[in-house]
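Here is a friendly note to read alongside the model. Please keep the viewer open as you go through the points.

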Amino acid sequence: MTYLNFNGAELEVGKIVCLLRSYAAHAEEMGSVLLDEPDFFLKPPTTIIRDGQDIIIPKESNMVHHEVELAVIIGKEGHFIPKEHAMKHVLGYSILIDVTARDIQAQAKKDGRPWTVSKGFDTFAPMSSIVPKSKINDPYGLDIWLKVNGEYRQKSNTSLLLFKISEIITSISKVMTLEPGDIIATGTPEGVSQIVPGDTVEAGIDGLGTLNVGVQE
Ligand code: MG
């Protein structure tokens with residue numbers, strides 16, 4: 001089982017639901033069309049690592065990318081959650097890096113196969129500590145950035161998110177029950193790029209601190 005610490009207690013992680021194409025500039029850099037409503041895929045909780053740990057580059061991939069994302073942690077169960085009640089289901093926020101084997105994903109897209117392998121390797125979801133919802137006044141005005149070896153690769157703001165968190169929760173919960181300990185990764189802004197063994201990766205979001213991980217073979 002995978003656990004995260006919240007207010008001194010252990011929170012068991014459920015599913016990780018990841019949004020795609022939720023920033024226009026990232027959709028553009030990937031050559032993808034924008035979506036009318038949120039779409040998503042899953043990462044297993046075994047992808048999670050914590051601050052100070054290392055992303056392990058799998059031997060199956062020659063092109064692993066970082067994607068810094070605002071993560072929403074669910075604190076209350078719900079199915080068919082209406083938009084107006086959606087924020088009541090949020091426990092807090094954290095930084096999550098949706099690590100992606102881009103070469104495996106590209107081949108899967110070409111063949112019409114799922115993204116599970118490209119997104120699901122162990123260590124492919126570094127996460128920072130959870131910050132309670134009450135500490136973040138406005139989740140849509142936060143600088144979000146990622147540096148590799150001290151240089152900015154991603155630098156954006158959550159004001160550019162194409163979907164509101166309430167809308168995302170409503171969309172997901174039409175399909176699958178959201179439970180306490182589930183995590184929603186809200187998608188990445190532009191600037192995704194390759195990481196290689198020996199790199200240091202630092203990510204940050206206003207109010208959520210920073211997340212530092214290494215990269216190894
Ligand atoms: Mg992503």
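1. Ground rules. This is a predicted model, in which local features need pLDDT of at least 70 and side-chain atom pairs count only at pLDDT 80 or more, while totals for chains, interfaces and linings use all residues. Residues are numbered from 1 along each chain as its sequence is written, and side-chain values use heavy atoms, with hydrogens and water left out.

2. The metal site. Three residues give protein donors to the magnesium ion: Glu-67 (OE), Glu-69 (OE) and Asp-98 (OD), at 2.0 to 2.1 Å from it. Donors here are N, O and S atoms within 2.8 Å of the metal (3.2 Å for Na, K and Ca), and since water is not among the atoms, sites may look incomplete. Along the sequence, the spacing of the donor residues reads E-x1-E-x28-D. Glu-67 and Glu-69 are both buried (under 20% relative accessible area, with exposed meaning over 50% and partly exposed in between, for a 1.4 Å probe and protein chains only).

3. The cavity. The structure has 1 cavity of 30 Å³ or more, and the largest cavity holds about 150 Å³ of space. Its lining counts 19 residues, of which Leu-20, Arg-21, His-26, Glu-67 and Trp-115 are the closest to the centre. A cavity is a set of points, on a 1 Å grid over the protein atoms alone, where a 1.4 Å probe fits but cannot get out; lining residues have an atom within 4 Å of a point. Grid points are joined across faces, edges and corners, and the volume is the space filled by probe spheres set on the points.

4. What lines the cavity. Strand S3 (16-20) and helix H2 (102-111) are the elements that give two or more residues to the lining of the largest cavity, and H2 supplies the largest share, 3 residues. Helices (H or I, at least four residues) and strands (E, at least two) are DSSP runs, numbered from the N terminus. The lining is made up of 6 nonpolar, 6 polar and 7 charged residues; Ala, Val, Leu, Ile, Met, Phe, Trp, Tyr, Cys and Pro count as nonpolar, Asp, Glu, Lys and Arg as charged, and the others, Gly among them, as polar.

5. Helix H4. Do take a look at this one: 8 of the 9 residues of H4 (residues 165-173) are buried, so the helix is largely enclosed by the rest of the structure. Among the buried residues are Ile-165, Ile-168, Ile-169 and Ile-172, along with Ser-166 and Thr-170. The buried residues of H4 pack against S3, strand S4 (39-43), strand S8 (68-74), strand S9 (90-97) and strand S15 (183-185).

6. The nonpolar cores. The largest nonpolar core has 47 residues, and Tyr-93, Ile-97, Ile-165, Ile-169, Ile-172, Ile-184 and Leu-208 touch the most other members. A core is a set of buried Ala, Val, Leu, Ile, Met, Phe, Trp, Tyr and Cys residues joined through side-chain atoms within 4.5 Å. At least two residues of this core come from each of S3, S8, S9, strand S13 (143-148), H4, strand S17 (200-205) and strand S18 (209-216). Another core, of 17 residues, lies apart from it and includes Leu-4, Leu-11, Met-127 and Ala-185.

7. Phe-6. This residue of strand S1 counts as buried at 13% relative accessibility. Not counting residues up to four places away in sequence, Phe-6 touches Leu-91, Ile-130 and Pro-132, where contact means heavy atoms within 4.5 Å. Phe-6 and Leu-91 are 85 residues apart in sequence, with 9.4 Å between their C-alpha atoms.

8. Two asparagines with positive phi. Asn-7 has a phi near 50° and is found in the loop between strand S1 (3-6) and strand S2 (9-12), where Asn-7 is exposed at 65% relative accessible area. Asn-149 has a positive phi of about 50° and sits in the loop between S13 and strand S14 (151-157); Asn-149 is partly exposed, at 44%. Most residues other than glycine have a negative phi.

Note on methods
1 Å grid on protein atoms, 1.4 Å probe; cavity = no way out; pocket = protein on both sides within 12 Å on 5 of 7 lines; lining within 4 Å.
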